[in-house]
There are 2 protein chains.
Amino acid sequence: MNAQTHILPSVPPSRGPAIAATALWGAAGGVRMQLLTEEESARLAVISSIVRFAKGEQIYRQGDAAASVFNIVRGVVKSYRTLPDEHEHITAFLFPGDLIGLMEEGTYVNSARAVTPVTAYRIPAAALEMRLQKDAELEFHVISKVVHDLREAQRHAFLLSRHRAATKVALFLQMLENYQISRGENAEEIYLPMRRSDIADYVGMSIEAVSRSLSALESDGILALKNRRHIEILDRRGLEAIAAQREPRDMPARHAGQD
Amino acid sequence: MNAQTHILPSVPPSRGPAIAATALWGAAGGVRMQLLTEEESARLAVISSIVRFAKGEQIYRQGDAAASVFNIVRGVVKSYRTLPDEHEHITAFLFPGDLIGLMEEGTYVNSARAVTPVTAYRIPAAALEMRLQKDAELEFHVISKVVHDLREAQRHAFLLSRHRAATKVALFLQMLENYQISRGENAEEIYLPMRRSDIADYVGMSIEAVSRSLSALESDGILALKNRRHIEILDRRGLEAIAAQREPRDMPARHAGQD
DNA sequence: CGGTAATTTGAGCCGTATCAACTTTAGTGG
DNA sequence: CCACTAAAGTTGATACGGCTCAAATTACCG
């Protein structure tokens, strides 16, 4: 079924931008595929430039004139909105193969900041639009990517609609794990490139609640906090159960029933 | 018999599918523009068919083979996911000019159901893909629409990340009002085509909390519940203030006193 | 190897989910 | 047109989870 499970490196040997997403059609088991052909990548490379951002560096701000779209090559980016009371809501974490620079009426909708050191292609929006107008196939690949991001945003909303803290954290961990798997990386342990406060701003909880949830999951033997950035899942079944539960009262916990 | 015996309201004069979204470039003050040209609409009409759904009727289910995309002409649709414990999470409410039928690997990601009687174009996915491959401009319009939906999904997640019940309801009402305004409809009062339970499943609260929030907003003189489906905003400034507030404690306004 | 930020842990309070009773609306048939 | 019934919505009482404030602990950077 999935012939590409082995060998295929997470970063394709292309010379230019690379966009990854799950397909619209055809079952691929949820694997993120490389959407661009060598040729498309090369053509985009012509209008792109490589840019680097230090950890914590601002990439753009909400409301800025949206001059460029970025294609992440290496590192992790957070897309977020700042509220009047300076609180932060994180829209998404973005990884290699992702596009950032969502715009509306010529300005960026969100802000973006490097969570780790980041390498990316900067693609001028105007040049990209011109290319798209000429290349229906490339355009279709971009549609596939945006649709992919739409599904992700819906999953995020779904996560946020959950009420139990542990459930949200469990869903978040599963999300990160799926990222790693879909990119063919080691899935022995989950890597958390972001700070606890970033997790909190993504799952819509306080930092303390995130910390407590992780601690609780650890003392329940469901996962091991190897260090602040690395987590190992010990009881995947248990994690799934917590990710699936809806309300506090539902907690029967023991699915080893006999009737 | 058929309710369309009288004049059609805000439906554009086109003979085929119509897709509305805010633009990627150029400031239009947040107005949803008709994206398709007459010609594009006509070409899509060739591969489409009109379908109708009764109020409450299922349009498709998550996991079904995704054969078609739908373009709403009239009525309101809810897109939702059902959880194992049969609880419902609503992904989006969709209106005329919207597309539904989000798919991944050949199957629908969500379920869809008519909230009111619905008229829509059914566009076979395969035919649509073929058309897109041949028509870069049409494709660009579709990208614009999907990007629009992505922003909406992010706003939904933002709404869900809020903690105060009244804040979520206020944001929801603003969202509905913006829909009406962007579609050029009467904005004197907000029309709620959906049930309280649908609102609850969209904002991630209990039905009771939705009801209480609305009652509270009314007794604060911020809005008037004309009937179950129609709300008038009396104090827009006050509604904005509630939509913007973050945490319980931030709430001054409590006339100090005895009671 | 300090100094500081990040994270964890603790205590108390508040808001919302839950359970439950009640009121209103809509739908149906006489 | 009205009576009847079920569904939708509102209102009340209570419990508990997570937020806030506060302090202790750990990791990180120069």
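Reader: Which element gives the largest share of the surface near DNA strand D?

Author: That's H6(B), with 6 residues. Keep in mind that this is a predicted model.

Reader: What other elements give two or more residues to that surface?

Author: Helix H6 (207–219) of chain A does, and so does helix H5 (196–203) of chain B, alongside helix H6 (207–219) of chain B. In total, 22 residues surround DNA strand D. The closest are A:Ala165, A:Ala209, B:Arg195, B:Ser211 and B:Ser215.

Reader: How many residues of each class does the surface near DNA strand D have?

Author: There are 10 charged, 7 nonpolar and 5 polar residues.

Reader: How do you know that the copies meet through the same surface?

Author: Because 100% of the interface residues of chain B are also interface residues in chain A. The contact takes 45 residues from chain A and 45 residues from chain B. On the chain B side, strand S7 (88–94), strand S9 (103–104), helix H2 (125–134) and helix H3 (136–161) each supply at least two residues. H3(B) brings the largest share of that side, 18 residues. By class, the side of chain B that touches chain A has 23 nonpolar, 11 polar and 11 charged residues.

Reader: Why is H3(B) called mostly covered?

Author: A residue is buried if 20 or more other C-beta atoms lie within 10 Å of its own. In H3(B), 20 of its 26 residues are buried, so the helix counts as mostly covered.

Reader: And how does the reach of H3(B) from its first C-alpha to its last sit with what's expected?

Author: Its 26 residues reach 37 Å, close to the 38 Å expected at 1.5 Å a residue.

Reader: Which residues of chain A does B:Val146 touch?

Author: Not counting residues up to four places away in sequence, B:Val146 touches A:Ile143, A:Val146, A:Val147 and A:Leu150. B:Val146 also turns up in the largest nonpolar core, which has 141 residues. B:Val146 is one of the residues that touch the most other members there, and A:Val146 is another.

Reader: Now a loop. Why is A:Gly75 called partly exposed?

Author: A:Gly75 has 19 other C-beta atoms within 10 Å. Buried needs 20 or more and exposed needs 12 or fewer, so a count of 19 falls in between. A:Gly75 lies in the loop between strand S5 (68–74) and strand S6 (77–82) of chain A. Leaving aside neighbours within four places in sequence, its contacts are A:Ala114, A:Thr116, A:Pro117, A:Val118 and A:Thr119.

Reader: What makes A:Val76 count as buried?

Author: A:Val76 has 22 C-beta neighbours inside 10 Å. Since the cut-off is 20 or more, A:Val76 counts as buried. A:Val76, too, lies in the loop between S5 and S6 of chain A. Among the residues A:Val76 touches are A:Phe93, A:Leu94 and A:Pro193. Its C-alpha is separated by 7.3 Å from that of A:Pro96, 20 residues apart along the chain.

Reader: How many helices and strands does the secondary structure of chain A come to?

Author: Chain A has 7 helices and 15 strands. Of its 259 residues, 40% count as buried.

Definitions and conventions:
Residues numbered from 1 in each chain as written. Chains lettered and ligands numbered in written order. Predicted model: local features only at pLDDT ≥ 70, side-chain atom pairs only at ≥ 80, totals over all residues. Contact = placed C-beta atoms within 7 Å. Near = placed C-beta within 6 Å. Helix = DSSP H or I, 4+ residues; strand = E, 2+ residues; numbered from the N terminus. Nonpolar A, V, L, I, M, F, W, Y, C, P; charged D, E, K, R; others polar. Core = buried A, V, L, I, M, F, W, Y, C linked by C-beta atoms within 7 Å. Expected span 1.5 Å × (residues − 1).
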